[in-house]
Amino acid sequence: MHLPVFMEHRSRLLALAYRMLGSRADAQDVVQDAWLRWSACKLDELDQPAAYLTRITTHLCLDKLRSAHTRREQYIGICLPEPLSANDDCMGPEGLTEKTQLVSYGWLLALQRLGPLERAAFLLREVFDVDYAEISQIVQRSPLACRQLVSRSKRRLQQEPSSLLSQPKNAETLSKAFIAALESGNTDELAKLLAEDVTYMADGGGQASALLAPLTGARPVSRLIQGIWKNAKKTQIKLQMQVINGMPGILFWQQDRLYMSVAIASNHAEQISALYVMRNPNKLTHLADQPCDLDKSTQAQRLAQ
């Protein structure tokens, strides 16, 4: 009986672990460790299996966050969360679909700026609808302290730029316009699509060329993108629209190799507010194996000439 009960909750546990850690690989490791502990427990002694599994997973995530601090300091350049396709298990069960926004890059990066306990309390309450009595047991703080953790997290998140946390409906249209401007080579048209304070963040992980710090501003970002595109066009490039972390995005293929993904955020002025670029090959492997999430009629698969 251990396995059927665990599999019933596995997707939810992966979703929690990914949002806590920002790493698909670490989330899978945590859930595997949770399974090992779960398989050794006595089911007849558990009144609430779901609560027990949530508690185990959260504790493992908190342990992982403490040990990951040194690794993060040693990471070369910007460390972005691993990109997810819409059908990835780490996105969570169908019940979380209305909260897809909370897995966007803007939200995940904002969550990473919270302390581990703040992050855990906020996610458990606001995303996974865990009551304060249970959160209290999980994080080993009083219910009042848990309410304060969640309240403090909300205040800190409200200080984040709204353009990075929102996802207006026009983002997919913008991604198509972005591809068209890119392929036309028109820097002016590309710049028009970008907000004046647009942010470009790229993760190369020391294994692929990428800026070591965020770049801000429509003109410098558009020039950088055009330079990258000109170099890329020296080989055959295929662009494929793909939902990435609930955001419209683009996959860049060289022959059969996925070498870059770009997730696009937009603001309410119908401009691109952020570009999240993944170049680290270790974080792209799983995305290359996923089927495209968008209907064929909305795909943009073009071969650069």
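Reader: What makes residues 257-266, where Ala263 is found, a strand?

Author: Ala263 is found in strand S5, residues 257-266. A strand is a DSSP run of E with at least two residues, and a helix is a run of H or I with at least four, both numbered from the N terminus. This is a predicted model: local features need pLDDT of at least 70, side-chain atom pairs count only at pLDDT 80 or more, and totals for chains, interfaces and linings use all residues. Residues are numbered from 1 along each chain as its sequence is written, and side-chain values use heavy atoms, with hydrogens and water left out.

Reader: Why is Ala263 called buried?

Author: Buried means under 20% relative accessible area, exposed over 50%, partly exposed in between (1.4 Å probe, protein chains only). Ala263 has 0% relative accessibility, so Ala263 counts as buried.

Reader: Which residues does Ala263 touch, not counting those up to four places away in sequence?

Author: A contact means heavy atoms within 4.5 Å. On that basis Ala263 touches Tyr105, Ile244, Met247, Pro248, Gly249, Ala274, Leu275 and Tyr276. Tyr105 is also among the buried residues of H4.

Reader: What share of the chain is buried?

Author: Buried residues make up 51% of the 305 residues. The chain has 12 helices and 7 strands.
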